[in-house]
Amino acid sequence: MRHDRLPDGFGVRLDPQVRAYSGGRVLIGGSPTRLLRLAPEAAEMIGDGYLEVDGPKSAVVARRLLDSGVANPRPRLLPSPQEVTIVVPLCNNAEGLARLLAVLRGHHVIVVDDGSDVPVRIPRSRGTRCRVTVVRNDRRGGPAAARNAGLRAATTDFVAFLDSDVVPRSGWLEVMLGHFSDPGVALVAPRIVALDPKSTALARYEHTRSSLDLGRRESAVRSRGLVSYVPSAALLVRRRALLAEGGFDESMHVAEDVDLCWRLERAGWRLRYEPAAHVAHDHRVRFRAWFGRKLFYGTGAAPLSERHSGLVSPLSVPSWTVLAAFGFATRTVWGRLGAIMTLIMVWGRLRRVFTELDNPTRIAAIYLTRGFVGGLWRLASALCRHYWPVTLLAMILSRRIRQIAITMAIADGVADWFTHRDAGGLDPVRYVIYKRLDDIGYGAGLWLGALRARSPEALKPTVPPY
């Protein structure tokens, strides 16, 4: 991890999900969840949950809080928007390009025409209020190659990549630029929202559960965290960082954005997801195109597993969760007894971890419950999404498994609808149907990619002991 000092005036605030104990000297939170112990002097600096850097000591504490995932940045220093070049990779979407250029103001825009059937021409009109340069690739190299061509043509410190099917909302750039006052940040991504959220039932579902929309919660981007990658539909990057890492992998035509995030992380750079910045995306809402896109995304796991061994796993749950879930699923006295004993053993270990805190018994019970419920949800989701071919085969062979799987598929879908019910306004029946079709498409792509690669790596679950 890079050890760039945070500048004076830079602030950090504890994440709302983090819980403080022992007068603020013990923090529990982050993603993945961890326990962070602070010296009394460091705890005093945080005070009411906010810390502003005003010297070397506070800079060290602020950096530790950020890197532990228990705090989020509140920068006050902004690079100038004039230091940003916008790169638009394009292939046969002149209408989308015109719509995008109409909302951009005062920027230098590099349009990389990746072998469009009709070469791009930028009309000189009042609708275009930015300086536009067109770079033409006569042979199609794919989005990664087009972005790299734009990256090499840019000369500014920062580059914003915008696909031709997006429309940035007001203030999108300024909100993200502030993160670069942290010299260790290489990439920031906005929240991708729907351009047309209400036209059809499928559009309402996609507005709620688009693969590109990573939600409302701000986060660091880490391979094993809550936000493990960000999509390349809209990105703001530090140009020298991407050039140093070779830019996008041009041999990848899917999941190249995930690969870039993980390579930057491995090189010690920090990445942020900033949901306060919105960029609208023209989602695919015709069923054939929508389902095909889900399948396409699933095929990206196999090439990722070849490049990032151990990071691509459809399912990661502790072994104790698997044992307890299996025990309860047997619906036998001995199975339930074994599951209960497993949970009691884990509770005892957690209680020893929390011994120094007030009421460790209660705290251990709370985190055991959260961990177990979260693990069950991940298991149910994976069996319906990533491993549905295996689940389907088991359903055919066993009536008991068939009953469990149907219950699980409905419960997982309804729980997901309840979590997102305020976003799209879709009724639970149609939501669950679309959710299951979404999972079938992605899961089919996952298995297809593994078959093409002749490798099961992308299908292997991760089962750590705790």
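1. **Basis.** This is a predicted model, in which local features need pLDDT of at least 70, side-chain atom pairs count only at pLDDT 80 or more, and totals for chains, interfaces and linings use all residues. Residues are numbered from 1 along each chain as its sequence is written, and side-chain values use heavy atoms, with hydrogens and water left out.

2. **Length of α9.** Helices (H or I, at least four residues) and strands (E, at least two) are DSSP runs, numbered from the N terminus. Helix α9 covers residues 287-298. The expected span of a helix is 1.5 Å times one less than its number of residues.

3. **The buried side of α9.** Which residues of α9 are buried? They are Trp290, Lys294 and Gly298. They cover an arc of only 80° around the axis, so they sit on the same side of α9. The arc is that of the directions from the helix axis to the C-beta atoms. Buried means under 20% relative accessible area, exposed over 50%, and partly exposed in between (1.4 Å probe, protein chains only). An α-helix has 3.6 residues a turn, so residues three or four places apart point the same way.

4. **What α9 packs against.** The buried residues of α9 pack against α6 (201-209), α10 (301-307) and α16 (428-453). Contact here means heavy atoms within 4.5 Å.

5. **α6.** This helix is largely enclosed by the rest of the structure, because seven of its nine residues are buried. Those buried are Ala201, Leu202, Ala203, Arg204, Tyr205, Glu206 and Thr208.

6. **Cavities.** The structure holds two cavities of 30 Å³ or more. On a 1 Å grid over the protein atoms alone, a cavity is a set of points where a 1.4 Å probe fits but cannot get out; a pocket is an open set with protein on both sides within 12 Å along at least five of seven lines; lining residues have an atom within 4 Å of a point. Grid points are joined across faces, edges and corners, and a volume is the space filled by probe spheres set on the points.

7. **Largest cavity.** Its volume is about 110 Å³. It has 14 lining residues, and Ser31, Gly69, Glu218, Ser219 and Ala220 lie nearest its centre. The lining has three nonpolar, six polar and five charged residues. Ala, Val, Leu, Ile, Met, Phe, Trp, Tyr, Cys and Pro count as nonpolar, Asp, Glu, Lys and Arg as charged, and the others, Gly among them, as polar. Pro32 lies in the loop between β3 (26-29) and β4 (34-37).

8. **Second largest cavity.** Its volume is about 90 Å³. Its lining includes Glu206, Trp290 and Lys294. α9 gives the most to this lining, with four residues.

9. **Second largest pocket.** About 850 Å³ of space lies here. Of its 26 lining residues, Ala325, Ala329, Leu383, Ile404 and Met408 lie nearest the centre. The largest share, seven residues, comes from α15. The lining has 21 nonpolar, four polar and one charged residues.

10. **Positive phi.** Asn359 is not a glycine, yet its phi is near 55°, a positive value. Asn359 is in the loop between α12 (333-353) and α13. At 44% relative accessibility, Asn359 counts as partly exposed.
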